[in-house]
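Here is a colleague's note in numbered points. Please read it with the model open beside you.

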Amino acid sequence: MTAHMHTEHDDDGETRRDFMAILAGAFGAIGAAIAAFPLLNSLSPARDTLALATIEVDLSDIPEGSSKTVMWRGKPVFIRHRTPEQIKAAESVNLQSLIDKQTDEERVKKPEWLVTVGVCTHLGCVPMGQKESDNHGDFGGWFCPCHGSHYDTSGRIRKGPAPKNLTVPPYAFLSDTKIKIG
Amino acid sequence: MASGNREPFNNTVVEWIDSRMPIFTLLNKEYGVFPVPRNFNYFWNFGAIAGFMLVVMIATGLFLAMHYSADTGLAFNSVERIMRDVNGGWLIRYIHMNGASFFFIAVYIHIFRGMYYGSYKKPRELLWILGALIFLLMMATAFLGYVLPWGQMSLWGATVITGFFTAIPFIGEDIQVWLLGGFAVSNPTLTRFFALHFLLPFVIFAVVFLHIWALHICGSNNPLGIEPKTRQDTLPFHPYYTIKDSFGLLVFVLVYCVFIFYMPDALGHPDNYIQANPMVTPPHIVPEWYFLPFYAILRAITFNMNLYFLLGLVMLLLLLVDFVWRKKPVYLSAAGGLALLVVGGLLVLTGFTGDSCQRIDAQWLEANVGFKNMCGTLQALPGMSAEAAPISAKLGGVLAMFGSVAMLFVLPWLDTHPVRSARYRPLYRVFFLLLVVVFLILGYVGSQPADASVAGVPLILVGLLGTGYYFAYFLVILPLLGRFEKAKPLPESIHDVVLAKQINAETKI
C-alpha cells in the first residue's frame with residue numbers, strides 16, 4: 001500500500017491531498033443528506049390528511065349533564081353540557097392548586113358548554129367520563145385509565161402524570177345550538 | 001479466511017468451490033474445529049436458541065406478509081382470514097405470535113447469562129454492545145409488529161408509545177405528527193409500520209452477524225470467567241457443542257410448542273381481538289409482557305425534576321464519573337467528594353420533596369402541621385413550581401425508560417471489577433440476583449392499573465423504589481463493588497476445575 005502513496009517528505013502534497021479527500025467526503029455527505037430529504041419528507045402528513053374538514057355539531061340533542069363525543073382530525077372531541085353545580089365547581093377552584101393554571105373562563109365560550117379534545121395530554125389515551133356510568137376520577141370530570149390522570153369539570157389536569165389541561169380546540173358558535181369546530 | 005494455507009477437501013465438488021471461494025474452509029474453522037471452553041452449562045445454549053428464533057420469525061413472517069393487507073380498513077379482517085381461511089394460516093400466525101415471546105425469553109436468559117458471568121467485560125465490550133443493539137432493535141420490531149393486527153391494543157399501544165415523543169420540549173408534537181404521518185395513529189401509520197416491521201429483522205440479522213463475528217474474534221466466556229489457556233481447556237465446536245445446542249434447542253422448542261398448540265393466546269390480550277376504535281380506549285392498556293418492567297419505569301416518574309433536583313443529580317453524577325474513571329493522581333480529595341455527596345444529595349432531596357408537596361393531599365397536610373410548614377418553606381423557594389421545572393414528569397418518565405435500556409450499553413464501563421464470573425464475587429452475586437428480582441417485580445407493577453395497590457401499598461411507590469434500585473445498581477452499586485469487593489481466589493485453569501469435578505464424582509461412586 002505504502003508504495004503507491006507519496007513519500008513522507010512530500011509534505012505539501014500530503015496536505016493538499018488530505019484537504020481534497022475531506023472536501024470530497026464532505027460533499028458526499030451533504031449530497032446524501034439532500035437525497036435523504038425527499039424520502040424523510042414523504043413521511044410527513046400527506047395533503048389529503050392535511051385537508052382538514054371543519055365539522056359542525058348540533059348541540060340541541062345533548063341534555064344538561066350529558067356529553068357527546070365527535071370525531072375531528074381523527075381524534076375524539078368531548079362536548080359536555082355542564083350542570084350549574086359542575087360550572088360552580090370549575091369556577092371556584094383555587095388557581096394556585098392547579099398544575100396547569102387556567103381559569104374556567106379562559107376555557108369556555110359559554111359556561112354551560114365545555115368543548116375539549118378528548119385526548120389525554122400525557123400519552124394520548126382517550127379519558128373515560130363521557131358516559132354516566134364511567135369513572136369520572138376524583139374531580140368529577142374525566143379519568144384516564146392508561147396512567148391515572150384525573151381531570152376536573154373544566155377538563156383541567158388535577159392529579160396524575162399529564163402535564164397539561166385537555167386542549168380546547170378552535171371553535172365558534174354558529175347559533176345557540178350549533179358549533180363549528182376547526 | 002486466508003485462502004493461502006487451505007487444506008484440500010476430498011470431495012471434488014467441495015474442493016472445486018473451496019479453491020475458488022474458501023467458504024467450506026471458513027465454516028470448518030468457525031463452526032467445525034472452533035475451540036470452545038469445555039465447561040459450558042446450559043445457559044450457554046440461549047445464543048443459538050435466539051438465533052434459531054430469528055430465523056423462525058423471518059420465515060413465518062414472510063408467509064404471513066403474503067396474506068396480510070396493510071390498510072386500516074382491511075388489516076383486522078385480513079388477519080382473521082389468515083386464522084380461518086388460509087391453509088394452516090392459524091399455525092403460521094400462532095408460531096409467529098408466540099415466537100415473539102419466546103424470542104424475548106431466549107434473549108432475556110441470554111442477557112442474564114452475560115451479566116451473571118461477566119461476559120461484557122474486556123475484551124468482549126463491543127460484542128456486548130452489539131448484543132444490546134440487537135435487543136433495542138428487537139424491541140422496536142416487536143412494537144411495530146404488534147400494531148399490524150389492528151386490534152384495540154395495537155392502536156392504543158401505538159398511541160401511547162408514539163406519545164413518548166411529545167415529551168420532547170418544543171418539537172415533540174411535530175416529531176410525533178411526522179412519525180404518524182397524521183394527527184393520530186391512522187392509515188399512513190399502519191402502512192409505514194408494516195414496511196419497517198418487514199425491514200428491521202434483516203437489520204437485526206446483519207447485527208447478529210457482527211455479534212457472532214466479534215464473538216469469534218475473542219472467543220466465548222465461560223462459567224468460571226477465566227480465559228482458556230491450553231488445548232485442554234477447550235473442545236471443538238463440532239460435535240460437542242452442535243449436539244449440546246441441538247439438545248437444548250429441542251427442549252426449548254418443546255415448551256414453545258405447548259404454547260403454540262395448547263395455549264396460543266395465553267401471552268396475548270383479549271382486547272386485541274376487538275377491531276381498533278379511535279374513539280374508545282380500553283380501560284386498561286398494557287404492553288406485551290416483555291415490555292412490562294420498562295413500562296413500570298416509565299410510569300414510576302410522577303414528579304417533576306426541578307432545578308434543585310437536577311443540580312443535585314449533576315453533582316452526584318460528577319462524583320460518579322470521578323469515582324469510576326479517576327486514575328492517580330486523584331482529581332477530587334476525599335473532603336471534596338464528601339462535600340459533593342452531601343450537597344448533591346441534599347439538593348436532590350429538596351427538589352424532590354418540594355415538588356412532591358404539590359401533590360400531597362390538602363387534608364393530610366392540615367393534620368400534619370410540621371409537614372405543612374416545611375412544604376410552605378420549600379415551595380416559597382424560587383424555581384420550585386411545576387412550570388419552572390426543566391424536566392416535566394412526562395419527559396422524566398420517558399428519559400428514565402430509555403435510560404434503563406441505555407444502562408446496558410455503558411455496563412462494561414460501570415462494572416470495573418477485574419473478576420468476571422459471579423461465582424467468585426459473593427457480593428456482586430447477591431446484588432445482581434436482587435436486580436433480577438426487582439426487574440420481575442417491576443414487570444408485575446407494569447402489568448397492573450396505574451392506581452392499583454397491594455396490601456395497602458400503592459404500586460406506584462413500589463415502581464418508584466424498584467426504578468431507584470435499578471439505576472442504583474448500575475450507577476452506584478457496581479462502581480462501588482468494582483473498587484471494594486474482594487473476590488474469591490480464581491482457579492488455575494478451566495481444565496483443573498473440570499478434572500477436579502470428575503475425580504470428585506468418580507470417588508463418590
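1. Chain B and chain A bury about 2,400 Å² between them, and carbon and sulfur atoms give 68% of that area. Buried area is the accessible area (1.4 Å probe) that two parts lose on being put together, summed over both. W178(B), F183(B) and M279(B) supply 30% of the area that chain B buries against chain A, more than any other three residues.

2. This is a predicted model: local features need pLDDT of at least 70, side-chain atom pairs count only at pLDDT 80 or more, and totals for chains, interfaces and linings use all residues. Residues are numbered from 1 along each chain as its sequence is written, chains are lettered from A and ligands numbered from 1 in the order in which they are written, and side-chain values use heavy atoms, with hydrogens and water left out.

3. The contact (heavy atoms within 4.5 Å) takes 26 residues from chain B and 31 residues from chain A. Zero salt bridges are found across this interface. The rule asks for a side-chain nitrogen of Lys or Arg within 4 Å of a carboxyl oxygen of Asp or Glu.

4. Now chain B itself. Y473(B) touches M115(B), Y428(B), F431(B), F432(B), L435(B) and L478(B), not counting residues up to four places away in sequence.

5. Chain A has two assigned domains: domain 1 (1–44) and domain 2 (50–181). Such bounds come from an automatic or database domain assignment. The centres of domain 1 and domain 2 of chain A, taken over C-alpha atoms, are 56 Å apart.
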